[in-house]
Amino acid sequence: MSRLATDGEGMRCLLVQAGEHICALPLDQVRRVVRALAVRPLPGAAPQLLGLAEFGGEPLAVLDLARLVGAPPGARGSWPVTIVVTAGPPSAREAVGLAADAAIEITELPVEALSGGGGLIRGEALLGERTVRLIDLERLGEEPVERQ
Amino acid sequence: MSGSSFLVMRRGGCMWAVPSVAVDVVRTAPRGVLLVAGETRLVADEVVAFSDELKLRPPSRILARLWPHPCAGLALYAGEPVVVVDPANPPPGLGERAQEPVGEMVRATLDFSDRLPEEGES
């Protein structure tokens, strides 16, 4: 389990909009949030993979976060972003981009209030009136691969 | 492979590269550019460059899982990502086995029957 970036009461997370879901990304695994990167599609790729982009002088795989978590499509974001995160198990971390509709805010997520979950979603919690889904970035790359 | 010469091309919105030494023929075609590498015919929208400055990185584990095609590595050219492939085993949309022997392809390339008319000719 990754070290939690907490402030004592919860896990510090970046909230992002992905389709109709609000997803929480552990802040200690978020490297950068940038305006949506230009992505070059790869023929024959799984639908979760949008393609390749350039970031920081390196090629970067960019994934569709809404698709990864099975979120219904929402309203088109007015300021789509790419969140560059470190993903995978601690012994094999790698940089990957997550395409999202918008970055919302940084907040504390009460880990003890998480329930449910499955696959990439470690659990869900209610923040105010919003249901937030905590994403388990260590499991990114283990989810079932959609085939076209 | 870093330090070797690569032919960089564009196909379907993405940039691809193959080792230059593997390419036997490059010719224009109705669909773009045709390259022959051994027994394989590659189709490109355009040839971008010959470069000996591509720095190859291995594909990430996550990329390999979501795009499970043989890949010699990733690189950047002019700020764009490039997928370096083995011309003998191209990914979908990039290549196909040649329909005719390479020799015929080379003779076709050298065919001047549709050359431009010389001065004085109609």
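Predicted model: local features only at pLDDT ≥ 70, side-chain atom pairs only at ≥ 80, totals over all residues.

Trainee: Then which strand holds R31(A)?

Mentor: Look for the run that covers residues 30-35 of chain A. R31(A) falls in that run, so its place is strand 3.

Trainee: Is R31(A) buried, partly exposed or exposed?

Mentor: Buried means under 20% relative accessible area and exposed means over 50%. R31(A) has 48% relative accessibility, so it counts as partly exposed.

Trainee: What separates the C-alpha atoms of R31(A) and T86(A)?

Mentor: These two are 55 residues apart along the chain. R31(A) touches T86(A), and its other contacts include V84(A) and A95(A). The C-alpha separation of R31(A) and T86(A) is 7.1 Å.

Trainee: Over in chain B, how many residues of strand 8 are buried?

Mentor: Side chains in a regular strand alternate between the two faces of the sheet. In strand 8 of chain B, E80(B), V82(B) and V84(B) point one way, P81(B) and V83(B) the other, and all are buried. The strand is therefore largely enclosed by the rest of the structure, with the buried count at five of five.

Trainee: Which residue in strand 8 of chain B is the bridge partner of L76(B)?

Mentor: Strand 7 of chain B, residues 73-77, runs antiparallel to strand 8 and is joined to it by five bridges. The two form a hairpin with two residues between them. Within strand 8, the partner of L76(B) is P81(B).

Trainee: And which residue does M15(B) stand opposite?

Mentor: Strand 2 of chain B, residues 14-19, pairs with strand 8 in the parallel sense over three bridges. In strand 8, M15(B) stands opposite V82(B).

Technical notes: Residues numbered from 1 in each chain as written. Chains lettered and ligands numbered in written order. Heavy atoms only, no water. Buried < 20%, exposed > 50% of the residue type's maximum accessible area, 1.4 Å probe, protein only. Helix = DSSP H or I, 4+ residues; strand = E, 2+ residues; numbered from the N terminus. Pairing = 2+ DSSP bridges. Contact = heavy atoms within 4.5 Å. Lists of a residue's contacts leave out its neighbours within four places in sequence.
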